[in-house]
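Welcome! Please take a look at the sequence and the 3D structure below, and then follow along as we visit a few parts of them.

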Number of protein chains: 2
Amino acid sequence: MQSRNNQPKYYMLMEHLKEEILMGRIMPGEQIPSENTLTETHKLSRHTVRKAISMLVNEGYLYTEHGRGTFCLSRSSKRNDSKNIGVIMTYISEYIFPRVIEGIERVLSNNKYSIILKNTSNILNNEALYFEDLLSKDIEGLIIEPTKSALFSNNLKFYEAFDKHNIPYVFLHGDYRELEGKSKVVLDDVAGMYSVVEYLAKLGHKNIVGIFKADDTQGIDRHRGYAKALTDTGLPYDPDSVIWYHTEEQEIKPFAIIKQMLEEKRNIDAIACYNDEIAFKMFPLLNKLGLKVPDDISITGFDDSFLSENCPVKLTTVSHPKEVLGEEAAKILLQLINDKNYKNNPIQKIIIPKLIIKDSCRKR
Amino acid sequence: MQSRNNQPKYYMLMEHLKEEILMGRIMPGEQIPSENTLTETHKLSRHTVRKAISMLVNEGYLYTEHGRGTFCLSRSSKRNDSKNIGVIMTYISEYIFPRVIEGIERVLSNNKYSIILKNTSNILNNEALYFEDLLSKDIEGLIIEPTKSALFSNNLKFYEAFDKHNIPYVFLHGDYRELEGKSKVVLDDVAGMYSVVEYLAKLGHKNIVGIFKADDTQGIDRHRGYAKALTDTGLPYDPDSVIWYHTEEQEIKPFAIIKQMLEEKRNIDAIACYNDEIAFKMFPLLNKLGLKVPDDISITGFDDSFLSENCPVKLTTVSHPKEVLGEEAAKILLQLINDKNYKNNPIQKIIIPKLIIKDSCRKR
């Protein structure tokens with residue numbers, strides 16, 4: 001065992017063993033390797049090994065039975081009683097997220113549960129830190145909006161750990177292809193964007209630019225709905241009419257490309273935006289370029305947020321149940337917590353969103 | 001001891017003893033009354049008393065020393081280590097609150113703390129339930145926006161309990177007259193509203209109606225600023241020009257009274273609103289009555305929220321640091337947690353808000 005970051009060796013061994021326990025590689029009741037084995041495997045002195053073990057005994061991860069060895073302590077009885085639920089969201093203060101959290105909080109409070117709230121800012125490293133933290137705490141379950149769910153995630157291993165510890169979790173908004181049979185509450189993003197693009201096509205739009213977020217499943221699915229609606233309504237799918245952006249580019253890229261397209265006099269008669277936020281921020285640019293909505297160009301959002309009401313022209317958008325979605329996720333989690341066989345009884349709720357027609361599109 | 005709510009008698013005794021411990025009336029290490037005493041005082045059988053005690057031993061509230069008696073267990077070592085902070089807010093999903101919570105979360109996360117979030121909806125009973133819950137959990141500190149801080153609160157006793165258990169707390173937005181020397185982060189609400197009314201007076205307004213929330217200290221203080229600015233600028237203070245409302249009336253009363261005043265042709269040339277939310281909701285009413293802002297009437301807000309930007313006319317308002325306020329509260333709490341002598345070293349931060357002049361007022 002190397003001493004990195006100037007950490008003492010006993011501390012490194014302690015952290016290593018703690019991770020083995022938290023990740024479920026050493027299970028409750030299981031004996032840990034003997035002092036001799038640890039001494040040899042990690043090339044440490046007996047004193048160092050003993051110090052690491054005694055600290056883990058103090059912290060309640062291990063217990064020693066005289067003459068028998070050292071074992072991993074079961075924390076499940078304590079955990080089952082904690083009345084704490086972890087809630088990991090990508091954002092907590094912006095856009096539709098506060099209302100989703102309010103829905104979660106309402107149901108859990110009414111059932112005497114507390115929420116431990118985490119905000120990843122859609123950064124994978126933050127998500128990993130919060131997973132570790134929640135595994136070391138006593139939580140009875142987890143509601144999670146995954147960070148960058150469309151990308152490869154190194155954090156999938158944590159879900160295995162939750163499974164091993166019998167801590168149920170519910171995905172909200174998005175989930176992973178790799179974890180398809182798990183409990184979740186999501187919108188049917190394909191159907192939602194399909195309804196928008198079908199509507200635009202029926203109004204006579206021929207050149208519909210689509211803007212999509214590339215790093216979460218919602219973006220991927222909304223793009224699928226866009227492509228499918230074009231095909232079904234007989235319009236061509238043109239990859240050059242699709243703008244993909246990642247979280248880090250969201251303030252700049254969608255607007256820079258639209259600006260370029262319009263300055264190049266590309267024929268655009270509608271912009272179907274990933275969400276209301278992108279659509280809302282598109283208005284100042286269109287205004288600067290002298291384009292009127294909906295006379296010169298149509299624009300649509302997604303999520304029926306307060307922003308859709310507060311654009312210069314009220315935005316045609318797609319419904320999002322917000323509080324109800326949060327409430328549903330909480331209710332499902334409570335059902336899972338009360339079901340000993342929850343792993344075999346996943347609950348999936350897929351909400352079909354509705355097109356909400358306001359003033360930002362017109363017949364061509 | 002009566003058996004009320006059909007609870008078994010041992011359960012009632014258990015709850016009673018638990019409350020004594022949580023509220024700090026029985027302190028760690030202190031011996032609880034003997035079986036004999038409990039049997040006599042509460043008129044219960046020995047069997048019932050033993051059952052209650054053994055359950056509290058199981059739950060980690062008490063421990064028994066053979067031949068010596070039963071004692072209250074110290075939970076402080078566990079608590080000091082929990083890395084959990086309770087955050088009780090009146091609202092979590094509306095208006096400026098999500099951004100305050102984001103500020104709190106950012107600082108606490110960076111310091112490896114988790115927040116346990118509670119939302120009282122400004123209802124005192126909810127607040128009491130959450131206090132009880134947090135006392136029974138292991139939290140290291142508490143950030144609290146008090147519910148109805150201007151009214152008599154039956155919940156003040158919980159602050160004594162936190163004091164007894166050496167759990168520091170920081171008030172946010174408002175606090176209690178009765179707890180004046182405690183740590184807090186608040187706006188100078190008197191100065192904020194003073195700057196608004198002074199500005200209106202300088203523009204030549206003579207009849208300034210003020211709308212204030214009656215059940216929190218912010219409302220009381222903003223009213224004080226209003227009254228002081230009128231007096232200082234030589235305008236009369238007229239109680240009939242002041243509208244007070246309680247939380248439960250906020251959707252109806254301020255608007256009903258303004259409507260009545262205007263229909264009675266009362267001379268009103270400005271409305272100074274408690275916050276941006278009230279001002280924002282005043283626009284549809286003024287519009288229906290055929291009044292133009294600012295030509296016919298001036299209107300002001302407070303808090304510099306997104307609503308102030310999204311009124312039909314951009315709202316003159318007062319700054320509110322939101323995230324920064326949350327961050328400050330979290331930083332102060334961390335300082336208190338690390339200060340053994342924190343009760344004698346309260347930290348109070350009073351932020352002076354600034355007047356932000358936009359388009360909703362004009363010279364008279």
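## Before we start

A crossing of two helices is left-handed if the near helix is turned anticlockwise from the far one by less than a right angle, and right-handed if clockwise. Helices (H or I, at least four residues) and strands (E, at least two) are DSSP runs, numbered from the N terminus.

This is a predicted model, in which local features need pLDDT of at least 70, side-chain atom pairs count only at pLDDT 80 or more, and totals for chains, interfaces and linings use all residues. Residues are numbered from 1 along each chain as its sequence is written, chains are lettered from A and ligands numbered from 1 in the order in which they are written, and side-chain values use heavy atoms, with hydrogens and water left out.

## Helices α1 and α3 of chain B

Let us begin with α1(B) and helix α3 of chain B, residues 46-58, whose axes come within 8 Å and cross at roughly 50 degrees. Axes here are lines fitted to C-alpha atoms, for helices over the stretch in contact, and angles run from 0 to 180 degrees between N-to-C directions. Angles under 35 degrees count as roughly parallel, over 145 as roughly antiparallel, 65 to 115 as roughly perpendicular and the rest as oblique. α1(B) and α3(B) are therefore oblique to each other, and α1(B) passes α3(B) in a right-handed crossing. From α1(B), the contact (heavy atoms within 4.5 Å) involves K9(B), Y10(B), L13(B), M14(B), L17(B) and K18(B), while α3(B) brings T48(B), V49(B), K51(B), A52(B), M55(B) and L56(B). Sorted by type, these residues are eight nonpolar, one polar and three charged. Ala, Val, Leu, Ile, Met, Phe, Trp, Tyr, Cys and Pro count as nonpolar, Asp, Glu, Lys and Arg as charged, and the others, Gly among them, as polar.

Is K18(B) buried or exposed? Buried means under 20% relative accessible area, exposed over 50%, and partly exposed in between (1.4 Å probe, protein chains only). K18(B) sits in helix α1 of chain B, residues 9-22, and counts as buried at 15% relative accessibility. Leaving aside residues up to four places away in sequence, K18(B) touches L56(B), E59(B) and Y61(B).

## Helices α6 and α7 of chain B

Next comes another pair in chain B. The axes of α6(B), residues 124-136, and α7(B), residues 156-164, come within 10 Å and cross at roughly 15 degrees. These two helices, α6(B) and α7(B), are therefore roughly parallel to each other, and their crossing is left-handed. On the α6(B) side we find E127(B), A128(B), F131(B), E132(B) and L135(B), which meet F158(B), Y159(B), A161(B) and F162(B) in α7(B). The residues of this contact divide into seven nonpolar, no polar and two charged.

## Helix α7 of chain A

In chain A, helix α7 (residues 156-164) has these buried residues: L156(A), F158(A), Y159(A), A161(A), F162(A) and D163(A). They pack against α1 (9-22), α6 (124-136), β5 (141-144) and β6 (169-172) of chain A.

F158(A) counts as buried at 2% relative accessibility. Which residues does F158(A) touch, not counting those up to four places away in sequence? They are M23(A), A128(A), F131(A), E132(A) and L135(A).

## Backbone details

Most residues other than glycine have a negative phi, and most peptide bonds are trans. Just after α7(A), N166(A) takes a positive phi of about 55 degrees. Y95(A), not a glycine either, has a positive phi of about 60 degrees; Y95(A) lies in the loop between β3 (84-89) and α5 (97-110) of chain A and is buried at 11% relative accessibility. H173(A) has a positive phi of about 75 degrees without being a glycine, and H173(A) is placed in the loop between β6 and β7 (184-187) of chain A.

The peptide bond from V293(A) to P294(A) is cis, with omega near 0 degrees. In chain B, a cis peptide bond joins V293(B) and P294(B), with omega about 0 degrees. P294(B) is found in the loop between α11 (276-288) and β11 (298-300) of chain B.
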